[in-house]
Amino acid sequence: MPSSLDPFSLIKNAPPSPAVSLYLAPWVVPISSPVIHDGAVAIANGRILAVGGSATLRAQFTEARRLRCQGVLLPGLVNAHIHLELSAYPHIAPPAPDDTFCDWIRSLLHVRQEGGIIPEAIAGAAQQMLQQQHDSGVLLLLDIGNIPPSPLETKPPSAEVTFLLELLGPNAKAEELILARIASLPDSVAATPHALYSTTPGIMSALKQRADRLHHILSLHVAESADEIELLRSGQGCFRSFLAERGAWEDTFPPPGIDSHGAVEYLERLGLLDAGLLCVHCVQVSEKEVQMLAAHGCKVCLCPGSNRFLGVGVAPLEQMLHHQLLPALGTDSITSNEALDLWREMRILREDHPGVSSAEIMAMATLGGAAALGREQDFGTLAPGRKAIFLNVDSPLLQGVRNEEQLLDALTGGGCPSTIRWIVEG
Ligand SMILES: [Zn+2]
């Protein structure tokens, strides 16, 4: 028999089947399917092969390398709004009851202009914060900054940073300068407007067209404070004074020809609402505006810790969920939050929204963030095909839980777990 027809030689020359690793744990939280008690995740070639009960997957993958974990397996967290470059600055005191949102902006500009912090210190603090985020279980970050990114953001290897260069200009003179800058930006730099009150419609439209062309995300601060809405509606309030004292007031607001009643409606009239837009904060939005965001497939990121710190109110999360809009979560920067900790953000959400389930809050911190960054095919859930990079967490609180509800309550209400370990394969 010719050797080429020798069945044994065919077996011998067949490509080896991929090595399977089977991670077993008391609890698996896939997000996209119910919590599994005594569960397992099978991995091969850097991707998840299967997620299910421990007995089922052990029977299915008899040759797999078995790795037993304590506690919980779950997707990495996503911080969908952070300003790493502000990490070097000191905490700014929260606004007093009579202060406006603009008073906090004045304080922030003061520390940035007078702080005397050298670029090396800014870069060092940003790197330190990135490491801190990763150590606390954050896998993806959307970083907004005024300083173009440096190579430091490529570390550590398991955390991915998407950087957006934030541009603003409140009047015609600034618009001319910013449009010239936009035209000179290399395609590799993604750019985004800061906020409606600081950026002319012309700049926002130019950035939107550029983001569409380059397939970049556009993300801006939207409806963060009642002061912002007052400016959009009437051209009055603290923002008018703030812009006037900086020589930037040009009767820009209310925008001529735009009969706007709210920030989202304003964005709609400008043609900015679509699936490529990530609206951050969305505290001062009407239910009609929530429906508009959902209808256009827009993404939303809530920053409950920052909103509480600045005293601007609470976003209508229940309405968003009712309209099938799963927001992402973000910490914002250390200048407007006591701590940049997504576990703490989940706890604050629970306090602010007792009617929202722990499962929905957990989904916001994982799947909501991955979808906001357009990365839900790789991250945000434990499901076949996703990348084999996920979390194993444990704490004394988690060891005492007896069912799915108690587990999710402990994860979203217990703060940062005492043990956080990354599982990375491939
Ligand atoms: Zn921000």
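Helices (H or I, at least four residues) and strands (E, at least two) are DSSP runs, numbered from the N terminus. This is a predicted model, in which local features need pLDDT of at least 70 and side-chain atom pairs count only at pLDDT 80 or more, while totals for chains, interfaces and linings use all residues. Residues are numbered from 1 along each chain as its sequence is written, and side-chain values use heavy atoms, with hydrogens and water left out.

**View 1. A loop with His-194.** Let's start with His-194, which sits in the loop between strand 9 (190–193) and helix 6 (201–214). With a relative accessibility of 15%, His-194 counts as buried; here buried means under 20% relative accessible area, exposed over 50%, and partly exposed in between (1.4 Å probe, protein chains only). Contact means heavy atoms within 4.5 Å. Skipping neighbours within four places in sequence, His-194 is in contact with Glu-166, Leu-167, Leu-168, Thr-199, Leu-220 and His-221.

**View 2. The zinc site.** His-221 turns up again here, as one of the residues that coordinate the zinc ion. Donors are N, O and S atoms within 2.8 Å of the metal (3.2 Å for Na, K and Ca); water is not among the atoms, so sites may look incomplete. Along the chain, the donor residues follow the spacing H-x1-H-x137-H-x110-D. Two of them link distant parts of the chain: His-81 belongs to strand 6 (residues 77–82) and His-221 to strand 10 (residues 218–222), 140 residues apart. Both His-81 and His-221 are buried. Why is the arrangement around the zinc ion irregular? The four donor atoms subtend angles of 83 to 162°. Four donors count as tetrahedral if all angles lie between 85 and 135 degrees; four count as square planar and six as octahedral if opposite donors are over 155 degrees apart and all others between 65 and 115; anything else is irregular.

View 3. Searching the whole structure turns up one disulfide, a term for a pair of cysteine sulfur atoms within 2.5 Å. Which cysteines does the disulfide join? They are Cys-102 and Cys-238, with an S to S distance of 2.4 Å. This pair connects distant parts of the chain, as Cys-102 is in helix 3 (residues 101–114) and Cys-238 in helix 8 (residues 238–245), 136 residues apart. The torsion about their S-S bond is about 65°, so the disulfide is right-handed. Cys-102 and Cys-238 are both buried. Cys-279, on the other hand, is in no disulfide, and its nearest cysteine sulfur, that of Cys-282, is 4.8 Å away. Cys-279 counts as buried at 0% relative accessibility. As for Cys-416, its sulfur is 18 Å from the closest cysteine sulfur, in Cys-69, which is too far for a bond. Cys-416 is partly exposed, with a relative accessible area of 36%.

View 4. The chain splits into domain 1 (3–75 + 381–424) and domain 2 (77–372), with bounds that come from an automatic or database domain assignment. Their C-alpha centres lie 35 Å apart, and 19 residues of domain 1 are in contact with 20 residues of domain 2. A nonpolar core is a set of buried Ala, Val, Leu, Ile, Met, Phe, Trp, Tyr and Cys residues joined through side-chain atoms within 4.5 Å. The largest one has 120 residues, and those touching the most other members are Val-72, Leu-77, Leu-267, Leu-293, Met-320, Leu-407 and Leu-411. This core takes at least three residues from each of domain 1 and domain 2. A second, separate core of 13 residues includes Ala-25, Ile-36, Ile-48 and Ala-388.

**View 5. Leu-310 in its helix.** Leu-310 is part of helix 11 (residues 304–310) and, at 9% relative accessibility, counts as buried. Apart from residues up to four places away in sequence, Leu-310 touches Pro-95, Phe-101, Trp-104, Glu-224 and Ser-336.

View 6. His-281, in strand 11 (residues 277–281), has a phi near 90°, a positive value in a residue other than glycine. Is His-281 buried or exposed? At 0% relative accessibility, His-281 counts as buried. Gln-324 has a positive phi too, near 60°, and lies in the loop between helix 12 (317–322) and strand 13 (328–329). Gln-324 is exposed, with a relative accessible area of 71%.
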